[in-house]
Amino acid sequence: MTKITTKAIRQLKGKRPVVCLTAYDAITAKLASDAGVDLILVGDSYGTTQLGYETTVPVTVDMMLHATAAVVRAKPNSFVIGDVPFAVAHRDAGEVLAICARYLQEAGADAVKLEGGVEVAPIIKKLTDSGIPVVGHIGLLPQQVIQLGGYRKFGKTQAEQDSLVRDARALQDAGCFTFVGEMINDEAARAVSDSVEIPLIGIGSGPHCDGQVLVSTDMLGLNPGKVPSFVKTYANLKEDITKAFAAFAEDVRERKFPS
């Protein structure tokens, strides 16, 4: 399998859905790549799924670079996207450029992802003009969930739908080759996708997107907490792993291992 490019990702729109999963370590990245996943997102969900934080806000750039580098060391054929954490996109343009360059130079990522629409489009334009591929993110912005009023669907009203369309067009004009739409109303997602020529990758945004992404620990049944209602669980690894650990513990205590 040949590694997909930004141009090829753009050209998938209207041909077939883009497949994306999160990964935060080399083992998961290798498995996702071997399964034929197009894009691996090293999301700032790293903080909530791996590091024990309640939100993504405490996640730092250094944490994300560490996780992104681990994914890249798996040498996946999948295209690797590193998430830029909380508030970075709103810093001085030169500082944002320097930080995002580290994702490519130090961690080996293929692109970065920034949350926000119209308000971050100018900085995204500076990044793409500098040769840094950027993935956008609109709808629910986990880094701003408190300010946005909690976890909810976006685009239910005409005003919200129009705002999402403006965001999508701004990201496209700024040079994004694809973007994530999180928790967008189904019909609003259709309108957003129809308004641009780049793929909309949905998460909790219904069937009218140009691709789908899920948090790998959610779809593998590894999340110890509540899983979002839109997630389809493809395995129950939490139960399988717990049983394996318990069997090992029992064997050790009964001196059955090592035999």
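Predicted model: local features only at pLDDT ≥ 70, side-chain atom pairs only at ≥ 80, totals over all residues.
Let's start with helix 4. The helix covers residues 61-72, which makes 12 residues. Does the length hold up, or what should the span be? At 1.5 Å a residue, the helix should span 16 Å. The end C-alpha atoms are 16 Å apart, so the two agree.

Now, which residues of helix 4 are buried? Val61, Met64 and Leu65 are. Then come Ala67, Thr68, Ala69, Ala70 and Val71. What do these buried residues pack against? Three helices are on the list: helix 2 (26-34), helix 3 (46-49) and helix 5 (93-105). Strand 2 (39-42) and strand 3 (79-83) are there too.

Follow the chain out of helix 4. Lys75 sits in the loop that leads on to strand 3. Its phi is near 55°, a positive value in a residue other than glycine. Lys75 counts as exposed, because its relative accessibility is 70% and the cut-off is over 50%.

Next, Val120. This residue lies in the loop between strand 4 (111-113) and helix 6 (121-129). Is Val120 buried or exposed? Val120 is buried, because its relative accessible area is 1% and buried means under 20%. Leaving out residues up to four places away in sequence, Val120 touches Ala89, His90 and Glu115. Ser195 is 75 residues from Val120 in sequence. In space, the two are 19 Å apart, C-alpha to C-alpha.

On to the pockets. The largest pocket has a volume of about 1000 Å³. How many residues line the largest pocket? The count is 38. Nearest the centre lie Thr48, Tyr151, Val215, Asp218 and Pro228. Helix 3 supplies at least two residues of that lining. So do strand 6 (178-182), strand 8 (211-214) and helix 9 (216-219). By class, the lining has 17 nonpolar, 13 polar and 8 charged residues.

The second largest pocket holds about 300 Å³ of space. Its lining has 18 residues. Cys20, Gln212, Val213, Leu214 and Tyr234 lie nearest the centre. Strand 1 (18-22), strand 7 (200-203) and strand 8 each give two or more residues to this lining. Strand 1 gives the most, with 4 residues. The classes here are 11 nonpolar, 5 polar and 2 charged.

Cys20 brings us to the cysteines. How many disulfides does a search of the whole structure find? The search finds 0. For Cys20, the nearest cysteine sulfur is that of Cys209, 12 Å away. A disulfide needs the sulfurs within 2.5 Å, so Cys20 is in none. Cys20 is buried, with a relative accessible area of 6%. Cys100 is in no disulfide either; the sulfur of Cys176 is the nearest, at 11 Å. Cys100 is also buried, at 0% relative accessible area.

Most peptide bonds are trans, and most residues other than glycine have a negative phi. Which peptide bond is cis, with omega near -5°? The bond from Phe257 to Pro258. Pro258 belongs to the segment after helix 10 (237-253). Arg255 lies in the segment after helix 10 as well. Phi of Arg255 is near 60°, a positive value in a residue other than glycine. At 74% relative accessibility, Arg255 counts as exposed.

That's the tour.

Technical notes. Residues numbered from 1 in each chain as written. Heavy atoms only, no water. Buried < 20%, exposed > 50% of the residue type's maximum accessible area, 1.4 Å probe, protein only. Contact = heavy atoms within 4.5 Å. Expected span 1.5 Å × (residues − 1). 1 Å grid on protein atoms, 1.4 Å probe; cavity = no way out; pocket = protein on both sides within 12 Å on 5 of 7 lines; lining within 4 Å. Points joined across faces, edges and corners; volume = space filled by probe spheres on them. Nonpolar A, V, L, I, M, F, W, Y, C, P; charged D, E, K, R; others polar.
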